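Visitor: I have a structure open and would like to learn how to read it. Could you walk me through it?
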Amino acid sequence: MRISIQGEKGSFHEVAARQYFKNDMIEIVPCSTFDLTLLAVTEKKADFAVMAIENARSGSILYNYTLIRESGMKILGEHNLRVIQNLMALPGQSISDIREIRSHPIALSQCMTYLNHLKGVTLIESDDTAGSARYVSENHLEGVAAIAPAIAAEVYGLEILAPGIETYKKNYTRFVILGGEKDAGTDGNKVSISFATGHQPGSLAAVLVRLAELEINLSKIQSVPRLNGDWNIFFMLTLS
């Protein structure tokens with residue numbers, strides 16, 4: 001089973017994919033962008049995609065909501081991953097040796113309480129947490145560290161200098177598992193819908209009142225820009 005993810009091997013996307021599919025034998029298909037992650041499925045290079053959709057601290061990834069809606073793919077499942085950020089570097093390095101730290105900007109923002117206590121260290125934003133670990137390893141960069149999942153240290157031969165440096169200890173990211181129409185079942189416990197309403201008072205309220213009358217629980221509502229130049233929006237609802 002081939003699973004496409006955004007990011008390098010050793011990323012949180014890979015951790016989420018392996019946890020969700022448990023003991024199933026899966027092959028990870030790394031992709032550099034979220035667009036390519038979904039394209040890998042539509043072009044039959046992967047069977048399913050695993051994509052982050054929201055973080056407990058950073059909020060929703062609006063672009064991914066739009067990608068899912070426009071792709072026509074179906075949400076088949078979800079997985080909540082406890083995100084633990086770790087500072088890692090080449091073996092033999094110590095924290096006092098570090099003068100540069102590389103990681104994804106969201107990962108950096110999740111660790112600022114720890115990072116603010118480091119003196120003389122430059123923070124460098126990169127495209128991926130695991131990619132930062134690979135960069136440090138492949139280029140044998142002394143004095144340079146990465147913030148990434150623990151599995152990245154194993155994959156790229158790095159040493160964890162400081163584990164669990166995220167500020168918010170209930171730091172979870174919600175991932176969705178995406179596939180084609182043929183993979184969608186009828187035994188799920190949630191449903192996600194996307195719709196737009198007329199631009200008049202009470203239009204959204206009328207929808208929500210109707211859902212309440214049907215005793216349907218609304219677990220999430222997200223507005224996403226409708227790219228038509230008129231500042232209209234789509235509403236993305238998760239119902240259970």
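Guide: Gladly, and let's start with contacts, meaning heavy atoms within 4.5 Å. In the protein chain, among contacts between residues at least 6 apart in sequence, 70% join residues at least 24 apart. A word on the source: this is a predicted model, where local features need pLDDT of at least 70, side-chain atom pairs count only at pLDDT 80 or more, and totals for chains, interfaces and linings use all residues. Residues are numbered from 1 along each chain as its sequence is written, and side-chain values use heavy atoms, with hydrogens and water left out.

Visitor: How many helices and strands does the protein chain have?

Guide: Helices (H or I, at least four residues) and strands (E, at least two) are DSSP runs, numbered from the N terminus. Here there are eight helices and 14 strands.

Visitor: What share of the 240 residues is buried?

Guide: Buried means under 20% relative accessible area, with a 1.4 Å probe and protein chains only. Buried residues are 42% of the 240 in the protein chain.

Visitor: Let's take one residue. Is Gln222 buried or exposed?

Guide: Gln222 belongs to strand 13, which spans residues 218-225. With a relative accessible area of 15%, Gln222 counts as buried.

Visitor: Which residues is Gln222 in contact with, neighbours within four places in sequence aside?

Guide: They are Ser60, Leu62, Tyr65, Phe234, Phe235 and Met236.

Definitions and conventions. Buried means under 20% relative accessible area, exposed over 50%, partly exposed in between (1.4 Å probe, protein chains only).
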